[in-house]
Amino acid sequence: MSITIIKNPIALPRLINATKTRATVSGGLFGDDTYTINGLLTNGTDNPKTAKNQHAGMTRCVSMLPHTLGGIGNLCPHADDCALSCLAFTGRGSLPTTHRARLARTMVFQLARDWAIDRITQQLTTAQRAADRKGEKLFVRLNMLTDFPWESTGIIDAFPLINFYDYTKNPKRAG
């Protein structure tokens, strides 16, 4: 057996800190850098795909890196040919700041799933209150670029007034 010595070892992805409203990650594709996020839910006007929904009400979304592009797990288990042509790197997705934010959300989601679910729940509660105050409907797309079964988390059932929408390549999730 031969041993290969890696001159520049890859830092393992890790969660550095998680408070009620923020989480900080490092390692993995970030190397020695750290990145802090305030949550996973983003404003729908920030994404051209969901910005057009604003005429019908408020839109929120979760934008993480699809398939294995985050370097930690697979958030699109049924992605085969589409992984190479994914929309994750088109438009603003090609910007380093957008990519880093999506990477951080992906890492937090994969490393601290309970924190991520709790934080999304808090953010959805706040968004629903804001929509109610404005007399608008709230539309949420939890899988902007991924194909995670959010229905298994209980989030969708917990918010019956929110209009969730999604797409999937998983035949078990369709319908």
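Accessible areas here come from the Shrake-Rupley method with a 1.4 Å probe, and for residues only the protein chains shown count as cover. On that basis the chain has an accessible surface of about 10000 Å², with 54% of it belonging to carbon and sulfur atoms. The model is predicted, so to speak of a local feature takes a pLDDT of at least 70 and side-chain atom pairs count only at pLDDT 80 or more, while totals for chains, interfaces and linings use all residues. Residues are numbered from 1 along each chain as its sequence is written, and side-chain values use heavy atoms, with hydrogens and water left out.

Helices (H or I, at least four residues) and strands (E, at least two) are DSSP runs, numbered from the N terminus. The chain holds four helices and seven strands, and from the N terminus on they run β-β-β-β-α-β-α-α-β-α-β. Of the 175 residues, 42% are buried; buried means under 20% relative accessible area, exposed over 50% and partly exposed in between (1.4 Å probe, protein chains only). Contact means heavy atoms within 4.5 Å. Take the contacts between residues at least 6 apart in sequence: 60% of them join residues at least 24 apart.

Two strands pair if DSSP finds at least two bridges between them; strand 2 and strand 3 have four, in the antiparallel sense. In this pairing, A23 stands opposite I37 of strand 3.

Helix 2 itself has 16 residues and spans 22 Å from first C-alpha to last, close to the 22 Å expected at 1.5 Å a residue. The expected span is 1.5 Å times one less than the number of residues. Its buried residues include T98, L103, R105, V108 and F109. Among the elements covering the buried part of helix 2 are strand 1, strand 4 (41–43) and helix 3.

Next comes the largest nonpolar core, with 34 residues, where L40, F109 and W150 have the most contacts. A nonpolar core is a set of buried Ala, Val, Leu, Ile, Met, Phe, Trp, Tyr and Cys residues joined through side-chain atoms within 4.5 Å. Elements giving two or more residues to this core include strand 5 (57–62), helix 2 (96–111) and strand 6 (137–141), but helix 3 gives the most, with eight. Leaving aside neighbours within four places in sequence, L40 is in contact with residues including C61, M64, R105, F109, W115 and I120.

Helix 3 has 22 residues and reaches 31 Å from its first C-alpha to its last, close to the 32 Å expected at 1.5 Å a residue. W115, I120, Q123 and L124 are among its buried residues. T125 also lies in helix 3, but counts as partly exposed because its relative accessibility is 27%. T125 and I162 sit 37 residues apart in sequence, with 9.9 Å between their C-alpha atoms. Just after helix 3, G135 takes a positive phi of about 70°.
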